[in-house]
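Please keep the sequence and the 3D view side by side while you read, and look up each part as it is named. The paragraphs below go from the whole chain to single residues.

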Amino acid sequence: TPLDATQRVYADAVASSAQSLLTIINDVLDVSKLEAGRVELEQIDFDVERVIRDVLDLLTPKTDEKGLELVADLGEAAGRRYRGDPTRLRQVLLNLVANAVKFTSAGSVRVELREQGETAEGVRLSFAVIDSGIGISAEARKRLFQKFYQADGSITRRFGGTGLGLAICRELVELMGGGIGVESEEWKGSTFRFWLVLPRAAAIAEVVPAPLPPRVARPIGGRKKRILIAEDDPTNQAIARAVLETAGYAVELVDNGVDAVAAAERQEHDLVLMDVQMPRLDGLEATRRIRARGGLLANLPIVAVTAHAMTGARQEYLRAGMDDYVSKPYTAADLVAVIERWTGGDVPRAPATDAAPVLNVPRIDDLASIMPRRDLDALIDTWITSTRQRLERIEAAASAGDLEGVRREAHDLASTSGNMGASRLEMLGRALENASRSDDVASIGALVIELRSAAPRAFDALAEHVPASSAA
């Protein structure tokens, strides 16, 4: 339901705290897996430039907010493919670049990549993350890669964190056979460097692999899609039911794995949302038993819904017979998008974008009532500039067929536009996000065209409703 300005501040604080806690839990669990020797490395061919671009795209909204320049210099390695574990490489880079952005208030963050010759094992790649931030003292550098260590107590108070990120980076880099180090001087920035030796990827064969057989949505004859929710917590039940019934689905609830198996056998459902930790029978075993029944149940889409944040959990659920994974806390858009992806056919859709007004005037007036006029003018200018840049990135990603890039940018477009009261842009952003999740290329093209005309109208309407202050 709509929030007033004060409620939104409180809700944002709760969401931010929850995300911070989830980050801490993920760090602790990653360290536990590394210490237990439970981290297994993939060996697959990947485009190193794509990995770096993904990291930069993810952090661009934050650098835009802080007014930082975020650049990549990939040299001769640009566009080249290597063999290794792109997921772990991305984790290291994301941690280092996010740290650089966090500790830099002005200037730039730069990622450099260089090939430094070949050995019998492969190409030696040198990565550098260079910032113009607060720097690190010589004494602090000696212990920087130790677990739970931060340069001083004020770092935790000002910036948060656990002191685990760099320790995880060191262990992952060493696990991949490389090394990591830092060069820094207080108030003059830092440079984190690490190296890996990776074989060059094999030449791409001209043979297109056979795709996995697609799921065929069962005919529904005009009825609502039926979703079985297996969830033992009453609060989570209520939230999931509200989200799905609002989206137009028919919902059946059970609170344990035994009843989930019985319900799946008793009545035809279009998808199961399966909590992993439940009494009597957990979600993994319930999924195995449903699959073992064969027939339609062998292909019934089952999506894990869990707060279990351990890296690699998704693979565990897929091995148990589940089709996908949604992590709590989820957004309504995320949950509905997963269901649409697996049920196909005539699924519930968001309200037509034509129904959305250009501006949510009460939202704009709420902002005007709680912000000094000069701050509001600056906020509007910043939002318009960043939205124009985001639209350029959306068009570029759509042209390149980068649906994941479209999804990320569309998600941020919807979020920031909603906060600014640009209702039509928000609605188009949500529709574009859902289309990219569903690989709906035709809808993506149409929505990108619509955004070209909708954005200037939103900017003009906002400027007309809140004319620029004449104050210096």
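What is the mean pLDDT of the protein, and what percentage of its residues reach 70 or more? The model is a predicted one, its mean pLDDT is 81, and 86% of the residues reach 70 or more. Over residues 156-160, however, the pLDDT is below 50, and beyond near neighbours in sequence this stretch has eight contacts in the model. Residues 345-355 also stay under 50, and for them the model has 19 contacts beyond four places in sequence.

With that caution in mind, we can turn to the chain as a whole. The protein has 16 helices and twelve strands, and of its 472 residues 43% are buried. If we take the contacts between residues at least 6 apart in sequence, 70% of them join residues at least 24 apart. The accessible surface comes to about 23700 Å², and carbon and sulfur atoms account for 53% of it.

The next topic is the interior. In soluble globular proteins, nonpolar side chains tend to be buried together. Here the largest nonpolar core holds 45 residues, of which Ile-52, Leu-89, Val-97, Phe-127 and Phe-194 touch the most other members. Two or more residues each are given to this core by the helices H1 (5-35), H2 (48-66), H3 (86-102) and H6 (165-175), and by the strands E4 (108-118), E5 (123-131) and E7 (190-198). The largest share, seven residues, comes from H3. If we leave aside neighbours within four places in sequence, Val-97 is in contact with Val-55, Leu-56, Leu-59, Leu-70, Val-109, Val-111 and Val-129. Apart from this core lies another, of 29 residues, and among them are Leu-367, Ala-410, Met-420 and Phe-459.

Helix H6 is mostly covered, since eight of its eleven residues are buried. These buried residues are Gly-165, Leu-166, Ala-167, Ile-168, Cys-169, Glu-171, Leu-172 and Val-173. Just after H6, Gly-177 takes a positive phi of about 90°. Arg-143 itself is in the loop between helix H4 (138-141) and helix H5 (153-159), and it counts as partly exposed because its relative accessibility is 37%, a value between the limits of 20% for buried and 50% for exposed.

Helix H8 (residues 257-266) lets us ask how burial is arranged around a helix. Its buried residues are Gly-257, Ala-260, Val-261, Ala-263 and Ala-264. They cover an arc of only 165° around the axis, and therefore they lie on the same side of H8. An α-helix has 3.6 residues a turn, so residues three or four places apart point the same way. The buried residues of H8 pack against strands E8 (226-230), E9 (250-254) and E10 (271-275), and also against helix H9 (283-292). At the start of H8, a side-chain oxygen of Asn-256 reaches to within 3.0 Å of the backbone nitrogen of Val-258.

A last stop is the loop between strand E2 (69-73) and strand E3 (81-84), where Gly-75 is found. Because its relative accessibility is 40%, Gly-75 counts as partly exposed. Gly-75 and Leu-113 are 38 residues apart along the chain, yet their C-alpha atoms are separated by 6.5 Å. Not counting residues up to four places away in sequence, Gly-75 touches Leu-113 and Arg-114.

Terms used
Residues numbered from 1 in each chain as written. Predicted model: local features only at pLDDT ≥ 70, side-chain atom pairs only at ≥ 80, totals over all residues. Heavy atoms only, no water. Helix = DSSP H or I, 4+ residues; strand = E, 2+ residues; numbered from the N terminus. Buried < 20%, exposed > 50% of the residue type's maximum accessible area, 1.4 Å probe, protein only. Contact = heavy atoms within 4.5 Å. Areas by Shrake-Rupley, 256 points an atom, 1.4 Å probe, with all protein chains shown as cover. Arc of directions from axis to C-beta. Polar contact = N/O pair within 3.5 Å; in protein donor to acceptor, adjacent residues only side chain to side chain. Core = buried A, V, L, I, M, F, W, Y, C linked by side-chain atoms within 4.5 Å. pLDDT = per-residue confidence, 0-100.
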